[in-house]
Amino acid sequence: QVQLVESGGGLVQAGGSLRLSCAASGRTGSTYGVGWFRQAPGKGREFVAAIRSSGFSTYYADPVKGRFTITQDNEKNTVLLQINSLKPEDTNDYYCAASRFPLNAIGANEDTSYDYWGQGTQVTVSS
């Protein structure tokens with residue numbers, strides 16, 4: 001099993017920045033990639049970004065390209081999501097998820113590609 005814990009959310013003004021963190025523990029060696037999703041109340045999950053465990057491949061949803069950056073710190077078993085130029089529409093609960101299989105450009109944006117999920121961290125952007 002793999003446990004994921006998100007942190008770093010909060011209330012921020014539009015135009016500001018946040019850095020979300022996803023800390024993994026347990027059998028992290030059994031995972032091949034981590035993705036971030038977001039979800040607003042009453043809506044489905046929306047893919048945000050993903051990174052393969054090698055760190056050499058990253059994937060982004062079109063609405064966040066250029067503003068979001070996903071990186072990983074292997075020593076700390078942590079995946080970071082840097083969010084810049086925040087917009088009110090970025091207000092969501094953000095979840096990280098880990099996959100037991102290699103991610104690719106086709107499957108990285110599908111929540112069914114992921115096996116383990118964190119509890120989420122809330123991001124609120126005020127206008």
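**Entry 1: Asn 92 and its neighbours**

I started with the contacts of Asn 92 and, leaving out residues up to four places away in sequence, found that it touches Arg 38, Gln 39, Ala 40, Thr 121, Gln 122 and Val 123. A reminder to myself: this is a predicted model.

Next I asked where Asn 92 sits, and I found it in strand β9, which covers residues 92–99. Is Asn 92 buried or exposed? I looked up its relative accessible area, which is 8%, so Asn 92 counts as buried, the limit being under 20%. I also followed its side chain, which reaches the backbone nitrogen of Ala 40 at 2.9 Å.

**Entry 2: the largest pocket**

I then turned to the largest pocket, which holds about 250 Å³ of space. Which residues lie nearest its centre? I noted Thr 31, Val 34, Gln 72, Asn 74 and Asn 77, out of 19 lining residues. By type, I have the lining down as 9 nonpolar, 8 polar and 2 charged residues. Strands that each supply at least two lining residues include β1 (2–7), β4 (33–39) and β8 (78–83).

**Entry 3: the whole chain**

Stepping back, I counted 0 helices and 11 strands in the protein chain. I checked its radius of gyration too: 13 Å, which agrees with a compact globule of 127 residues, because that would come out near 14 Å. The C-alpha trace spans about 40 × 30 × 25 Å along its principal axes.

Of the 127 residues, I have 40% down as buried. Last, I looked at contacts with a separation of 6 or more, and 58% of them join residues 24 or more positions apart.

Conventions
Residues numbered from 1 in each chain as written. Predicted model: local features only at pLDDT ≥ 70, side-chain atom pairs only at ≥ 80, totals over all residues. Heavy atoms only, no water. Helix = DSSP H or I, 4+ residues; strand = E, 2+ residues; numbered from the N terminus. Buried < 20%, exposed > 50% of the residue type's maximum accessible area, 1.4 Å probe, protein only. Polar contact = N/O pair within 3.5 Å; in protein donor to acceptor, adjacent residues only side chain to side chain. Contact = heavy atoms within 4.5 Å. 1 Å grid on protein atoms, 1.4 Å probe; cavity = no way out; pocket = protein on both sides within 12 Å on 5 of 7 lines; lining within 4 Å. Points joined across faces, edges and corners; volume = space filled by probe spheres on them. Nonpolar A, V, L, I, M, F, W, Y, C, P; charged D, E, K, R; others polar. Rg over C-alpha atoms; globule rule 2.2 N^0.38 Å.
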